[in-house]
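Here are my notes on the chain you sent. Please keep the 3D view open while you read.

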Amino acid sequence: EMDLFEKLRACRKDFADELGVPPYMIFHDSTLQEMCVQKPATLEEMGEISGVGDKKLERYGPAFLHALLEHSGA
(Lines give C-alpha, C1' and ligand atoms only; values in the text may rest on other atoms or scores of the structure.)
Protein backbone atom coordinates (compact mmCIF):
# COMPACT_ATOMS: atom_id res chain seq x y z
CA GLU A 1 0.00 0.00 0.00
CA MET A 2 2.63 2.51 -1.04
CA ASP A 3 -0.06 4.90 -2.31
CA LEU A 4 -1.66 5.03 1.12
CA PHE A 5 1.70 5.40 2.86
CA GLU A 6 2.59 8.31 0.57
CA LYS A 7 -0.80 9.91 1.21
CA LEU A 8 -0.23 9.67 4.98
CA ARG A 9 3.32 11.03 4.59
CA ALA A 10 1.94 14.03 2.67
CA CYS A 11 -0.62 14.65 5.41
CA ARG A 12 2.14 14.45 8.02
CA LYS A 13 4.34 16.86 6.03
CA ASP A 14 1.51 19.40 5.84
CA PHE A 15 1.24 19.41 9.64
CA ALA A 16 5.02 19.49 10.08
CA ASP A 17 5.41 22.44 7.71
CA GLU A 18 2.54 24.29 9.36
CA LEU A 19 4.04 23.79 12.83
CA GLY A 20 7.68 24.19 11.80
CA VAL A 21 8.73 20.80 13.18
CA PRO A 22 10.31 17.71 11.60
CA PRO A 23 7.73 15.22 10.27
CA TYR A 24 8.71 12.53 12.78
CA MET A 25 7.47 14.84 15.55
CA ILE A 26 3.96 14.33 14.17
CA PHE A 27 4.16 10.56 13.65
CA HIS A 28 7.09 8.21 13.01
CA ASP A 29 7.19 6.18 9.79
CA SER A 30 6.48 3.06 11.84
CA THR A 31 3.22 4.62 13.05
CA LEU A 32 2.20 5.47 9.49
CA GLN A 33 3.09 1.93 8.41
CA GLU A 34 0.92 0.50 11.16
CA MET A 35 -1.94 2.74 10.00
CA CYS A 36 -1.53 1.26 6.50
CA VAL A 37 -1.72 -2.28 7.88
CA GLN A 38 -4.49 -1.76 10.47
CA LYS A 39 -6.53 0.73 8.40
CA PRO A 40 -8.42 2.18 11.36
CA ALA A 41 -11.95 3.29 10.46
CA THR A 42 -12.65 5.25 13.64
CA LEU A 43 -10.69 7.55 15.92
CA GLU A 44 -11.02 4.92 18.65
CA GLU A 45 -9.32 2.34 16.43
CA MET A 46 -6.64 4.85 15.49
CA GLY A 47 -5.97 5.46 19.17
CA GLU A 48 -4.92 1.82 19.52
CA ILE A 49 -2.03 2.27 17.07
CA SER A 50 1.44 2.51 18.58
CA GLY A 51 2.63 6.12 18.61
CA VAL A 52 -0.85 7.66 18.61
CA GLY A 53 -1.43 9.13 22.04
CA ASP A 54 -4.47 11.07 23.21
CA LYS A 55 -3.07 14.49 22.29
CA LYS A 56 -1.90 13.39 18.84
CA LEU A 57 -5.18 11.60 18.26
CA GLU A 58 -7.12 14.75 19.11
CA ARG A 59 -4.87 17.04 17.09
CA TYR A 60 -4.06 14.97 14.01
CA GLY A 61 -6.45 12.01 14.11
CA PRO A 62 -9.31 13.50 12.09
CA ALA A 63 -7.06 14.49 9.16
CA PHE A 64 -5.28 11.12 9.06
CA LEU A 65 -8.57 9.25 9.43
CA HIS A 66 -9.98 11.26 6.53
CA ALA A 67 -6.98 10.27 4.37
CA LEU A 68 -7.41 6.61 5.33
CA LEU A 69 -11.14 6.58 4.64
CA GLU A 70 -10.72 8.50 1.39
CA HIS A 71 -8.15 5.95 0.24
CA SER A 72 -10.42 3.02 1.10
CA GLY A 73 -13.31 4.63 -0.76
CA ALA A 74 -15.46 4.90 2.35
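**Notes on the chain**

1. Burial comes first. Of the 74 residues of the chain, 32% count as buried, where buried means under 20% relative accessible area, exposed over 50%, and partly exposed in between (1.4 Å probe, protein chains only).

2. A word on the source. This is a predicted model, in which local features need pLDDT of at least 70, side-chain atom pairs count only at pLDDT 80 or more, and totals for chains, interfaces and linings use all residues. Residues are numbered from 1 along each chain as its sequence is written, and side-chain values use heavy atoms, leaving out hydrogens and water.

3. Next, the elements. The chain has four helices and zero strands. Their order from the N terminus is α-α-α-α. Both kinds of element are DSSP runs numbered from the N terminus: helices are H or I with at least four residues, strands E with at least two.

4. Now the overall shape. A compact globule of 74 residues would have a radius of gyration near 11 Å, and the chain agrees, with 11 Å. This radius is taken over C-alpha atoms, and the globule rule is 2.2 Å times the number of residues to the power 0.38. Along the principal axes, the C-alpha atoms fill a box of roughly 30 × 25 × 20 Å.

5. Look at the contacts. Among those with a separation of 6 or more, 55% join residues 24 or more positions apart. Contact means heavy atoms within 4.5 Å.

6. Which rings group together? Phe 15, Phe 27, Tyr 60 and Phe 64 form one aromatic cluster. Rings of Phe, Tyr and Trp (its six-membered ring) pair if their centres lie within 6.5 Å; planes under 30 degrees apart count as stacked, over 60 as edge-to-face and the rest as tilted. The count comes to four aromatic pairs.

7. Take one pair. Phe 27 and Tyr 60 are edge-to-face, because their planes stand at 75°, with ring centres 5.9 Å apart. Phe 27 lies in the loop between helix 1 (2–19) and helix 2 (29–38) and Tyr 60 in helix 4 (residues 54–72), so the pair ties together parts 33 residues apart in sequence. Phe 27 is buried, at 1% relative accessible area. Tyr 60 is buried too, at 6%.

8. Phe 27 also forms an edge-to-face pair with Phe 64: 5.0 Å centre to centre, 80° between the planes. Phe 64 lies in helix 4, so this pair ties together parts 37 residues apart in sequence. Phe 64 is buried, with 0% relative accessibility.
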